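Have a look at the fold first, then read on.

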Amino acid sequence: MREAGRTKLAIAGLRSGYGATDVIAGISLEIPAGEICALMGKNGMGKTTLLKSVMGLLPLREGRVGLDGEDITGWTPARLLARGLGYAPQELPLFQDLTILDNLRLALRDDRALAPALERVFGYFPFLAERLNQKAGTLSGGEQKMLILSRSLMLQPDLLLVDEISEGVQPSVVQRIARALLGECERRGMTVLLVEQNLGFALSVAHRWAVLKLGHIQESGENDAAAHARIMEHLKI
Ligand SMILES: Nc1ncnc2c1ncn2[C@@H]1O[C@H](COP(=O)(O)OP(=O)(O)OP(=O)(O)O)[C@@H](O)[C@H]1O
C-alpha cells in the first residue's frame, strides 16, 4: 500500500556519535509512506548508530527528524513508541528467561489488544503459537529473530526500524521474514527502514536503497535493474 507523494520519515542533517567521534556526520534521508528503504554499508559504517539516533536512544548533535511532517527530534523512545515507531534491534533484546507469550505481551501497554495482536504475528510465524510457553532463551537463533520481529509488530508500528534481522538466519526463514514485512506494508501501509547485510533479501523487499559510508550517504536510489550492481560497487572490500 504505497501512498504516492507522502513522506513518512524525513531525516535532515543528522549528526550523532559517541564521545569525541561523529559516527553519523550529517545525513539526510527521506522515505515515502508505505515503502521499505534498505540501508546498506560495510561493518562499522554507522547503520545501527543511525537507527539508535532516530529511535531516541542516542542524543542528536545536530539535525532534525520528522515523522509525517511532525518534528520528533529529541523525543524519548517511549514517546516515539506511542507515536507509532517500532524498533527490531540487532542485539538479541529478548527476555531470555521469559516465555514467548510473555515476551510478546510485554510489547503491549495492556492485555486488551493481546489476542488480535498475537493472531496477526502467528499468521506470519505459526511456530510461535505452538510454543507459547517455551522460554525465549531456549529458542534457536533464527527463532529468536522471528520473535524479535514479531514483538516489534505487536503494536502495529507506522514506521519500523529493523537492524540486520536476517543475520544468521536460514533462507526459508528469511523468506518468512520478507513476507511479514511486505505483508504489513501492503495491509496497512507500514514504512520500514531496513538495515541489512544480506543484499538478496534487502532487494527482494525494498522499494529504495541507500549506502552508508563513514557516516555519510554515499549513494541512494530506487530498487531498479541497476540497484544490485550499484550497491555491490560500494560493498567491495
Ligand atoms: N557505544 C559505543 N561507544 C563507542 N563507539 C561505538 C559505540 N557503538 C558503536 N560504536 C562505534 O561506532 C561505529 C559505527 O558502529 P555501528 O554499530 O553503528 O556500525 P554498523 O554500520 O551498524 O556496523 P555493523 O554492520 O558491523 O553492525 C563503529 O566504529 C563502532 O565501533
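## A sheet, and what sits around the ligand

Let's start at one strand pair: Leu85 has Leu159 of β7 as its bridge partner. Keep in mind that this is a predicted model. That contact belongs to the pairing of β6 with β7, which is parallel and runs over four bridges. On to the next neighbour: β7 also pairs with β8, again in the parallel sense, over five bridges. Strand β8 (residues 191-195) in turn pairs with β3 (residues 36-40), parallel over four bridges, and Cys37 stands opposite Leu193 in β8.

| Strand pair | Sense | Bridges |
|---|---|---|
| β6 and β7 | parallel | four bridges |
| β7 and β8 | parallel | five bridges |
| β3 and β8 | parallel | four bridges |

Put together, they are part of an open six-stranded sheet ordered β6-β7-β8-β3-β9-β10, and the pairing across that sheet is mixed. The edges are β6 (85-88) and β10 (216-222), each of which pairs on one side only. From one strand to the next, the twist averages 15°. Helix α6 (residues 141-153) packs on the sheet, where it touches β6 and β7 (159-163), and its direction makes about 170° with that of β6.

Now for the ligand. Which residues surround it? Tyr18, Val23, Gly41, Asn43, Gly44, Met45, Gly46, Lys47, Thr48 and Thr49 do. By class, that shell has three nonpolar residues, six polar ones and one charged. Helix α1 (residues 47-54) gives the largest share of the shell, with three residues.

Finally, the chain as a whole. It has nine helices and 10 strands. Its radius of gyration is 17 Å, close to the 18 Å that the globule rule gives for 237 residues, so the chain is as compact as a globular protein of that length. Along the principal axes, its C-alpha atoms fill a box of roughly 45 × 40 × 35 Å. Of the 237 residues, 40% are buried. Among contacts with a separation of 6 or more, 70% come from residues 24 or more positions apart.

Definitions and conventions
Residues numbered from 1 in each chain as written. Predicted model: local features only at pLDDT ≥ 70, side-chain atom pairs only at ≥ 80, totals over all residues. Near = placed C-beta within 6 Å. Helix = DSSP H or I, 4+ residues; strand = E, 2+ residues; numbered from the N terminus. Nonpolar A, V, L, I, M, F, W, Y, C, P; charged D, E, K, R; others polar. Rg over C-alpha atoms; globule rule 2.2 N^0.38 Å. Buried ≥ 20, exposed ≤ 12 C-beta atoms within 10 Å, placed from the backbone. Contact = placed C-beta atoms within 7 Å. Pairing = 2+ DSSP bridges. Axes fitted to C-alpha atoms, helices over the stretch in contact; angles between N-to-C directions.
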